[in-house]
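This report describes selected features of a predicted model. Its sections treat a sheet, a helix pair and a ligand site in turn.

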Amino acid sequence: MYDRKFNFSAGPATMPLPVLEQIRDELFNYRGSGMSVMEMSHRSPAFQQIYDDAVADLRKLMGIPEHYQVLFIQGGATLQFSMIPLNLMKNGAADYIVTGAWSKKALQEAQKYGDVRCVATSQDRNYAYIPDCSDLPIRPEADYVYICQNETIHGTLFQTLPNTKGKILVSDQSSMFLSQPCNVEDFGAIYAGVQKNVGPAGMSIVIIREDLICQDLDPRIPVYLRYDTHAKAGSMYNTPNCWSIYVCGKVFRYLLDMGGLEAVEKANREKAQILYDYLDSSRLFRCTVDPGYRSMMNVPFVTGSKDLDAQVLAYTKAAGLEDLKGHRSVGGLRASIYNAMPKEGVEALVACLKKFEREHPHV
Ligand SMILES: Cc1ncc(COP(=O)(O)O)c(C=O)c1O
């Protein structure tokens, strides 16, 4: 009815249609306030209510314990590559596990601020797997162990968390946030850029154990890059990304109404299985990630020929399937099938790929 396409973009990404419809209905006059949320003071009672409801719903959705703070911080997930080391490296050391482009970027940024080492990597096979993390050489002086739990470009997911040998675990969950249940207490800090599974780009959600929010930091650290600044001000030290917070709140409520994260995971598993089963049975396509490490959210696949990949891309686009181009470091195609991608979208993709395969019997 709106002539929408199936959007496989890695982010910004597809949103749940009922959420977009609610936003449309409230766009000009938010619940009798006489204005759009876009126009509303962040100090107004109406916006404070939006904020409080969003935090309460996220706490309920993830079962976030009281001793963890929920912060909404502008700057996207990339800013957290700096904020994490600036705030958490009290001994000046940290150990990173590098499983793809995003954890590598985070490592390189953190190395500016202290003695930061890579303790495991899967770089040898272009990050097609997650290394064994059961007995890593974690250093006694390390302040934390860092992972990117779901690598958006390379399409891997940590199915089990690393053994950190008692150190706190910090996780970039950007591309898997709210895609499955999460035991928050397994982590010292979790963060996620919201533009994949939650809302409009330009903001991150940080969930951090209260005792890790340090007041005694190097005074040269910019005030905006300190977690205590945001924690003390209830994420409103300055004008927050009100619009994004409002939309995120709608998505939290939508996921609660869907039955919570168990129900979300069930739907995601089913969708991912449809695509992986097809890729594993295909003569033409190959998933670039080893079984056992595959993401439920980002599925990279190739034909083995750049020309043919380009043909497939044009073919899927003509069928109304958008943004399937793989990242240049992996090549081929990538289907991002976040929470809001309906099963029908994945089925349409598989039907289109099958048709292409049938029409190209000799390649
Ligand atoms: C896993 C991961 N971390 C970090 C980022 C960076 O996010 P942002 O563009 O919000 O800074 C991305 C972006 O795609 C990502 O996928």
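## Open sheet

Three strands, arranged in the order β11-β12-β14, make up an open sheet with antiparallel pairing.

Strand β12 (residues 298–302) runs antiparallel to β14 and is joined to β14 by four bridges. Within this pairing, N298 has S336 in β14 as its bridge partner.

## Packing of helices α7 and α9

Helix α7 (residues 260–281) packs against helix α9 (residues 343–359) at an angle of about 5°, and their axes are 9 Å apart. Because angles under 35 degrees count as roughly parallel, α7 and α9 are roughly parallel to each other.

On the α7 side, the contact involves E270, K271, I274, L275 and Y278. These residues meet K343, V346, E347, L349, V350 and L353 of α9. Classified by residue type, the contact of α7 with α9 comprises seven nonpolar and four charged residues, with no polar residues.

## Ligand surroundings

The residues surrounding the ligand are G11, G76, A77, T78, W102, C148, T152, D172, S174, S175 and G193. Helix α3 (residues 76–88) gives the most to this shell, supplying three residues.

In terms of class, seven residues of the shell around the ligand are polar, three are nonpolar and one is charged.

Notes. Residues numbered from 1 in each chain as written. Predicted model: local features only at pLDDT ≥ 70, side-chain atom pairs only at ≥ 80, totals over all residues. Near = placed C-beta within 6 Å. Helix = DSSP H or I, 4+ residues; strand = E, 2+ residues; numbered from the N terminus. Nonpolar A, V, L, I, M, F, W, Y, C, P; charged D, E, K, R; others polar. Axes fitted to C-alpha atoms, helices over the stretch in contact; angles between N-to-C directions. Parallel < 35°, antiparallel > 145°, perpendicular 65-115°, else oblique. Contact = placed C-beta atoms within 7 Å. Pairing = 2+ DSSP bridges.
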